[in-house]
Amino acid sequence: MIADKSRFIPRICYEIFVRSFCDSNGDGIGDLQGIISKLDYLAELGIEAIWLTPIHPSPSYHKYDVTDYYSIEPEYGTLEDFKTLLAAAHERNIQIYLDLIINHTSTLHPWFAEARKSHDNVFRNFYWWMTPPQIEALGISKRETSDDSQVVYPWHDNPEDQEKYYGLFFKGMPDLNYHSEALRAELEKIIRFWLVEIGVDGFRLDAARHIYPDWEKEESIGFWDYFSKLVNNVKPDAFTVAEVWAETEEVAPYFRYLNATFHFDLSFALQRIVVQEHDEEIVEKLRESYSLFEKYNPLFIDAIMLTNHDQDRIGSVVSNHKAKIKLAASILLTLPGQPYLYYGEEIGMLGTKPDPYIREPFLWSENESEVSENTHWIHAQFSTNQTITPLFEQKSDPNSIYHHYRALISLRKTEPALSQIFAPNLHRVCLHDDQLLAYFRPHVDKSLVIIHNLSGDIKNVYLPEDKADFKNILYSTDSSHSGAFSHAELAPYCSLILSVQ
Ligand SMILES: [Ca+2]
Ligand SMILES: [Ca+2]
């Protein structure tokens, strides 16, 4: 079992797509010094941990195909810059999680460059190789697409080689084969290097359900047993959050060995209820997931998000409807779990796939001067000065999306009922209207009732008898509310948090 890490869990996390976040040297590409310059901004927003998308050398713009696990992509900076970032983050009580991509490497990684040379190369079995008859015999030449990979034919040609190699995501990303003990020894070195020598606080684990291929799928969970033991041996308080992009039932067993997994089912459910303006018994479904997760790990941490770098941005999902953007944030930040904000959500950034357009430059200021913190490695199609108010202006507008996020994060951190992370305290409050989403967060010090109006209509709210004492308005986005909750109306898309006193 995993160690008790309850003392080490920060509560508000922020995903930075490094290339797009902040440019420090005017080349238009986000970099580590840029992130350092924004740590005060993140601390002010209330962020307590950062998940950095990959920072290792890589031929792609997204860097999910690593060529060297021990250094920093030169476009992003140096190892010294990274150490500076880590120290500066720790000074502000912000943890740093690295994106660990160990399902595959780049074809340009020296291991693969060796492996592809010949059948008897010592690196050959770091990867998966088979002849076409072997592939046919196992019936694995084709696969069904999954939420995280549209690839149907995962076997790729190596010129002048009778064997093909397996690459689930694309031919430039050959899958690693952890049947190789030598590869496992390399992995141990990588983990030790980042956790112990450099001192990062944890890992976001990419493609965790794909470590072993589909025909050996059940091996993947066992791999994380091995992995968590490695981590616990070198740094028991390190944090692990896994990408297991699947239905909740398939996700749950991963909690046996890992602290947290991203809740994709919830992410899509939150998007749907805000778009459709109807609840779909989200609280009941969450409670079912909790009892499932609990079976595998009583200290499970539900990593919750509206979207991440692989999903259409929430701003676009709700058609840039400002009140709905705020409503989505209000729901996310009042539910149990460890929330992950995707950079730019706090200023209402937009974007739909293809991928580069859900990863556009953060708008710090208007993009007019030549030298700017705003990155410009891509020409933004969605988040521009015409569609989005840059952070600089939102800061001086108390009604901005930015201030909404900030207020909710602050509230989450000061109210123990909201910040409770273990044994999620969540119960449905039935208001007999599926356009009202209401829940109860009991806590020994101060319990809360939270009500969201999902609709564009003014709603009458009648609290059930057992919640009749919840008359104190702790927080409301309805400007007509103040003091005691006697008036039973809630304005469109507004949220209300009530306490007994
Ligand atoms: Ca730069
Ligand atoms: Ca794999």
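Residues are numbered from 1 along each chain as its sequence is written, and chains are lettered from A and ligands numbered from 1 in the order in which they are written. Because the model is predicted, local features need pLDDT of at least 70 and side-chain atom pairs count only at pLDDT 80 or more, whereas totals for chains, interfaces and linings use all residues; side-chain values use heavy atoms, leaving out hydrogens and water.

Let me begin with the barrel. Eight strands form a closed barrel with parallel pairing, in the order E1-E2-E3-E7-E8-E9-E10-E11. Helices and strands here are DSSP runs, helices (H or I) of at least four residues and strands (E) of at least two, numbered from the N terminus; two strands pair if DSSP finds at least two bridges between them. From one strand to the next, the twist averages 25°. Strand E8, residues 239-242, pairs with E9 in the parallel sense over two bridges, and Ala242 has Thr261 of E9 as its bridge partner.

Helix H4, residues 79-91, packs on the sheet and touches strands E2 (49-52) and E3 (95-100), its direction making about 140° with that of E3. Contact means heavy atoms within 4.5 Å. Angles run from 0 to 180 degrees between N-to-C directions, with axes fitted to C-alpha atoms, for helices over the stretch in contact. Helix H7, residues 181-198, lies across E3 and strand E7 (202-205), at about 130° to E7.

The largest nonpolar core has 151 residues, of which Tyr14, Leu52, Phe82, Trp224 and Phe227 touch the most other members. Such a core is a set of buried Ala, Val, Leu, Ile, Met, Phe, Trp, Tyr and Cys residues joined through side-chain atoms within 4.5 Å; buried means under 20% relative accessible area, exposed over 50%, and partly exposed in between, with a 1.4 Å probe and protein chains only. H7 gives the most to this core, with eight residues. Leaving aside neighbours within four places in sequence, Phe82 is in contact with residues including Leu52, Ile96, Leu98 and Trp194. Another core, of 16 residues, lies apart from it and has Leu431, Phe440, Leu496 and Leu498 among its members.

Next, two further helices. Just after H10, Glu277 takes a positive phi of about 65°. H13 is largely enclosed by the rest of the structure, because eight of its eleven residues are buried, Lys324 being one of them.

Finally, the metals. Which residues hold the calcium ion, ligand 1? Its protein donors are Asp23 (OD), Asn25 (OD1), Asp27 (OD), Ile29 (O) and Asp31 (OD), at 2.2 to 2.3 Å, with the spacing D-x1-N-x1-D-x1-I-x1-D. Donors are N, O and S atoms within 2.8 Å of the metal, or 3.2 Å for Na, K and Ca; sites may look incomplete, because water is not among the atoms. Asp23 is buried at 4% relative accessible area, and Asp31 is buried at 3%.

The calcium ion, ligand 2, is coordinated by Asn103 (OD1), Asp175 (OD), His210 (O) and Ile211 (O) at 2.2 to 2.9 Å, spaced N-x71-D-x34-H-I in sequence. His210 is buried at 3%, and Ile211 at 0%.
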